[in-house]
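Dear colleague,

Please find below the structure that I am handing over to you. My notes on its contents follow directly after it.

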Amino acid sequence: MTVKLDAIRACFEGVIPGTMATCSEDGVPNVSYLSHVHFIDSEHVALSYQFFNKTRQNLLANPHAELAVIDPHTAAHYRLALEFLRTETSGPLFESMKARLAGIASQVGMTGVFRLLGSDVFRVHDISQVPGATLPPPPARHNLLASLRRACERMGDPRDLETLLCDTLQALSRHFGIDHAMVLLADESAQRLYTVASHGYDASGVGSEIGIGEGVIGVAARERTPIRIGHMTSEYSYNRAIRDNTDGGAPDVEIPLPGLADPRSQLAVPLASGARLLGVLYVESPHDLCFSYDDEDALVALASQLGMAIHILQAQADDAESAADHAAAGQPRGEPVVVRHFVGNDSVFLGDDYLIKGVAGSIFAMLVADYTQRGRTEFSNRELRLDPRVRLPDVGDNLEGRLLLLARRLVERDACVRIEKTGRGRFRLVADRPLSLVAL
């Protein structure tokens, strides 16, 4: 091919619809517009299959087609010679195209009309540029390779998970110009993702949860594939209202997920270590088409580095528990604070103020129990993993992430108790007021 497929990916952003020509078995041509063309790799594209129309009938009878696309920046026209291979109706490719199509449908007022039935996969045999005047390409907002290099250098050799996540989010803002981002870690046993760090929002949303498979973030986690949307769509938005329900006497309070009220661009990239899902890196923007294929590639590479760093930190916390010298905390003073632990869902309240629930809640209840009953203040990650009172999942417990979540929630709630690191794999519970634990 005289033109490389990955060099014209801007044509596949959905700004200008593609035009497809097919031919029936008896030689009758048909031309139709396409809602979405999706770049797969250097030899393949996928087209959205939404209706059983003449184009579909022709492809089933004659797999060869011609596709015309236009670069929205330069107005360059290209023709692609295609061969139809197969249709995918589930999996990463289908879900990625489904999300992208939802954004396009919302942009053109066709929500509820555009419905993806399948992803038609084609081999690209040839690409040619149509002769004609073109515009110069716009200048790049930033050099993505240089930005990726600086971000990875900033993430190098982190002291702990909190530092790693903080450095990553700051690098996204400083080097990529991404001002709204968050990191969620996975609880695969509960099929949930919980927020442990965010940047660019009025409220951090630390402790907020969403289900795996819910919205852009959840679908990216379930399918282990990046999900990118270039326009606002209600189909993949999140209900960020605080919900407070009571079921069987155990309060179920949900912390609102941080995020823009009306994001115009969204990109969710899974974090993984081998086959194990660690979480999701999510970025968003109030502007349309803010994230391109190149941005997606760069953030996938960054997420791979982040996933590896998280895995290394978790392994180090298990293998070594180094102590550090810290000044002893003062004695708690004032009126006792009642820590209410609802065993049903491990919700924890400090007085009437909701703190946390789930595994992080069971961890805090265990720490307070040992503090009040045995006078303990020093703890280690290793003993938490072995303690049956802490309801950690058997595989992929993400203990460091849960401890970080708990520590940040205590700080955000300006609580009278906090968690202080005293070394690798070790920490201390510090209380400014006496604590009283009540299990309900």
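Is Arg408 buried or exposed? With a relative accessible area of 19%, Arg408 is buried, where buried means under 20% relative accessible area, exposed over 50%, and partly exposed in between (1.4 Å probe, protein chains only).

Two notes on the basis of these values are in order. The model is predicted, so to speak of local features requires pLDDT of at least 70 and side-chain atom pairs count only at pLDDT 80 or more, while totals for chains, interfaces and linings use all residues. Residues are numbered from 1 along each chain as its sequence is written, and side-chain values use heavy atoms, with hydrogens and water left out.Arg408 is found in helix H9 (residues 399-412), helices (H or I, at least four residues) and strands (E, at least two) being DSSP runs numbered from the N terminus. Residues up to four places away in sequence aside, Arg408 touches Glu162, Val196, Ala197 and Val206; contact means heavy atoms within 4.5 Å.

Salt bridges

Side chains of opposite charge can pair when their charged atoms come close. The model has 26 salt bridges, each defined as a side-chain nitrogen of Lys or Arg within 4 Å of a carboxyl oxygen of Asp or Glu. One of them joins Asp167 and Arg154, at 4.0 Å from N to O. This pair links distant parts of the chain, with Asp167 in helix H4 (residues 161-176) and Arg154 in helix H3 (residues 144-155), 13 residues apart. Asp167 is buried at 18% relative accessible area, whereas Arg154 is partly exposed at 26%.

Arg418 and Asp432 form another salt bridge, their closest N and O atoms lying 3.1 Å apart. Here too distant parts of the chain are linked: Arg418 belongs to strand S20 (residues 417-423), and Asp432 to the loop between strand S21 (426-431) and strand S22 (435-439), 14 residues apart. Both partners count as partly exposed, Arg418 at 30% relative accessibility and Asp432 at 39%.

Arg376 and Asp370 meet in a salt bridge of 3.3 Å, N to O, and both residues are buried. These two also belong to a network of salt bridges that links Asp370, Arg374, Arg376, Glu383, Asp387 and Arg389.

Nonpolar cores

A nonpolar core is a set of buried Ala, Val, Leu, Ile, Met, Phe, Trp, Tyr and Cys residues joined through side-chain atoms within 4.5 Å. The largest one has 68 residues, and Leu172, Phe176, Phe364 and Leu367 have the most contacts inside it. Leu367 touches Phe379, Leu384, Leu406, Ile419, Phe427 and Leu429, not counting residues up to four places away in sequence. A second, separate core of 24 residues includes Leu34, Val37, Leu47 and Leu80.

Cavity and pocket

Grid points are joined across faces, edges and corners, and a volume is the space filled by probe spheres set on the points.

The whole structure contains 1 cavity of 30 Å³ or more, and the largest cavity holds about 50 Å³ of space. Its lining includes Leu34 and Val37, and divides into 7 nonpolar, 4 polar and no charged residues. For this division, Ala, Val, Leu, Ile, Met, Phe, Trp, Tyr, Cys and Pro count as nonpolar, Asp, Glu, Lys and Arg as charged, and the others, Gly among them, as polar.

The largest pocket holds about 730 Å³. Of the 25 residues that line this pocket, Ala10, His73, Pro138, Ser292 and Asp294 are the closest to its centre. Its lining comprises 14 nonpolar, 4 polar and 7 charged residues.

With kind regards

Terms used: 1 Å grid on protein atoms, 1.4 Å probe; cavity = no way out; pocket = protein on both sides within 12 Å on 5 of 7 lines; lining within 4 Å.
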